[in-house]
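Below is a short report on one protein chain.

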Amino acid sequence: MTPDFIIGGAPKCGTTSLHQILDQHPEAWVAKNELYFFDVDDPIAHGDFLEMDGSDLSWRDPRDPAVRDFYENRFAEAPQGCLIGEDTTTYLMSDVAAFRIQATDPKVKVIFMLRDPVKRAFSQYWHLLRSGRTCQSFEKALSNEPSIILGSTYAPRLRSFYDALGPARVHVVLFEEFKSDQQSVMNGVTEFLGLSPMSVETVETWHNRTKYPARAETLLRLNRVGRILVRHRYARHFKGNVPLSSRIAHKAYRRWFRFISRRVLTEDHPPSDMRAKTRAYLCQHLSDRNAGLSKLLGKDLSQHWPGFSQ
């Protein structure tokens, strides 16, 4: 069993809300949580999934029957006759996902949500900070956390998906348009998937609302412990035989994150804005990394993303 459609990214662009809405459509069903199947061996997106077995590298291979069974079993509860979907936001960051998706199911359709790449990068930094993955400033994290820049590099991998699947099976949504007119965007999504139209007024349009610390310095200090525990965050993701040490560390991380969520993440807005020089750098660099994206999508993205020039 394989999905009929995939919400493939990008991170921090509203994919959780799209997942939530589609899962309430009577003709669709979306697997819970992100599955990470087609890029499970990616060391940048999923460094936690690569481990050491003595002196040898141990990783999960999507060609492994056990990993394949894990993936297919995640769709076992789908009702008969529904379109089946999955949501993994890192596929757009991957150089191998497009090929693997096409090889697995040449009829699958893929939806991507894109956001102002500068704002998306800043949002991902706060996500890394909230989850304990970094104890550095945004400026330092730009060098040491490759996923921040890679996650805002849309054009090259979109072209890969167009080449692998064909433009007719790839649908792109702008976060800014989704935010301003959900009904119009959902009309386009349901038409793309071949679903009957749905009214967003009749469903729960939940958003992944982010909470922030009152002082970033507090969380930066706490993350000196958090970044040790966070490596075990996905210890139980693939089920199977999980070592006792990983299970204990996984529970410790969950307790640590509950403490952070209740005591530290109390604000609705970041405690500070992006520095002007950093913004200027990212506007230029991420515009160049996404060269030709406006032409690829057939719309002037500078009208949606201030400072974007490509």
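## Salt bridges and backbone details

At 11% relative accessibility, Arg-157 counts as buried, where buried means under 20% relative accessible area, exposed over 50%, and partly exposed in between (1.4 Å probe, protein chains only). This is a predicted model, in which local features need pLDDT of at least 70 and side-chain atom pairs count only at pLDDT 80 or more, while totals for chains, interfaces and linings use all residues. Residues are numbered from 1 along each chain as its sequence is written, and side-chain values use heavy atoms, with hydrogens and water left out.

The side chain of Arg-157 meets that of Asp-95 in a salt bridge, defined as a side-chain nitrogen of Lys or Arg within 4 Å of a carboxyl oxygen of Asp or Glu. This pair links distant parts of the chain, 62 residues apart: Arg-157 is in helix α7 (residues 155–165), and Asp-95 is in the loop between β5 (83–87) and α3. Helices (H or I, at least four residues) and strands (E, at least two) are DSSP runs, numbered from the N terminus. Asp-95 is exposed, with a relative accessible area of 62%.

The count comes to 7 salt bridges, including those in the table.

| Salt bridge | N to O distance |
|---|---|
| Arg-100 and Asp-41 | 2.9 Å |
| Asp-95 and Arg-157 | 3.2 Å |
| Glu-217 and Arg-215 | 3.8 Å |

The side chains of Arg-100 and Asp-41 meet in one of these salt bridges. Arg-100 lies in helix α3 (residues 97–104) and Asp-41 in the loop between β2 (28–30) and β3 (51–53), so the pair ties together parts that are 59 residues apart in sequence. Arg-100 is buried at 13% relative accessible area, whereas Asp-41 is partly exposed at 21%. In another pair, Glu-217 is partly exposed at 40% relative accessibility.

The backbone also has some details to look at. Most residues other than glycine have a negative phi, and most peptide bonds are trans. Gly-9 and Ala-10 are joined by a cis peptide bond, with omega about 0°. Ala-10 lies in the loop between β1 (5–7) and α1 (15–23), and Lys-12 is found in the loop between β1 and α1. Lys-12 has a positive phi, near 65°. Asn-33 has a positive phi near 60°; Asn-33 lies in the loop between β2 and β3 and is exposed, with a relative accessible area of 56%.
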